[in-house]
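Please look at the model below before reading on. My points follow, starting with the cavity.

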Amino acid sequence: MKQRINFGKVLPAAYNAMESLDALTDNSSINKEYRELIKIRASQINGCSYCTDAHSHDALKINVPLQKVLLVSAWREAGNIFTEEEKLLFKITEEVTLIHQAGLSEETYTKAIDVFGEQLTVEIIMAVITINAWNRIGVASQLHPVVRKISAALN
C-alpha cells in the first residue's frame, strides 16, 4: 500500500492545533480511564484501527481491566461489567460520533448534566470531538497499527 500524506509534515500548524486540543482534553477533569474508554469507542465506530489499538493499549497501561477493554464494542450486552457512568459515557460518545443520525439526544444530554454537571459534560463532549478528528486523520491517511506481540501481562 502506498504511503499517504503525513498531515504533521504537510500542515504542521493544523497538526499542532490538534495536539493542543488533545492536551486540553487530556488535562481536563475526566479521569484517565474514562478518557481512554471514550477514545476506544469512538475509534471503533469510526473504523480507525490505529487509534483503537493505541488507546486499547493505553487503557491497559493505566490498569483498565482487560475485560472492559475487550468489551467496549459490546457494552450494551456486557451486563454489569460497566458502571452506569461508563454506560452514559458510551451513549454520549456514540451520539456525538454519529451526530448525523439524531444528534445528542435530549435524554442523554439531560442525564449527562444530572450525573456529570455542565463543566464535565462539556469536557466529555470535547474529548469525543477531539478523538473523532484524530480518527478522521488516521482513516484518511490510512494509519495502521503496528503488529504487537502479546505481552506477558496478558497471558
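1. Helix H8 gives the largest share of the lining of the largest cavity, four residues. Helices here are DSSP runs (H or I, at least four residues), numbered from the N terminus. A residue counts as lining if it has an atom within 4 Å of a cavity point; such points lie on a 1 Å grid over the protein atoms alone, where a 1.4 Å probe fits but cannot get out.

2. This is a predicted model: local features need pLDDT of at least 70, side-chain atom pairs count only at pLDDT 80 or more, and totals for chains, interfaces and linings use all residues. Numbering runs from 1 along each chain as its sequence is written, and side-chain values use heavy atoms, without hydrogens and water.

3. The structure holds one cavity of 30 Å³ or more. The largest cavity has a volume of about 40 Å³, taken as the space filled by probe spheres set on the points, which are joined across faces, edges and corners.

4. Which residues line the largest cavity? They are Asp22, Thr25, Asp26, Arg35, Lys39, Ala127, Thr130, Ile131 and Trp134. H2, helix H3 (32-46) and H8 each give two or more residues.

5. By class, this lining has three nonpolar, two polar and four charged residues. Ala, Val, Leu, Ile, Met, Phe, Trp, Tyr, Cys and Pro count as nonpolar, Asp, Glu, Lys and Arg as charged, and the others, Gly among them, as polar.

6. The axes of H2 (residues 12-26) and H8 (residues 106-140) come within 9 Å and cross at roughly 145°. Axes are lines fitted to C-alpha atoms over the stretch in contact, with angles from 0 to 180 degrees between N-to-C directions. Contact means heavy atoms within 4.5 Å.

Terms used: On a 1 Å grid over the protein atoms alone, a cavity is a set of points where a 1.4 Å probe fits but cannot get out, and a pocket is an open set with protein on both sides within 12 Å along at least five of seven lines; lining residues have an atom within 4 Å of a point.
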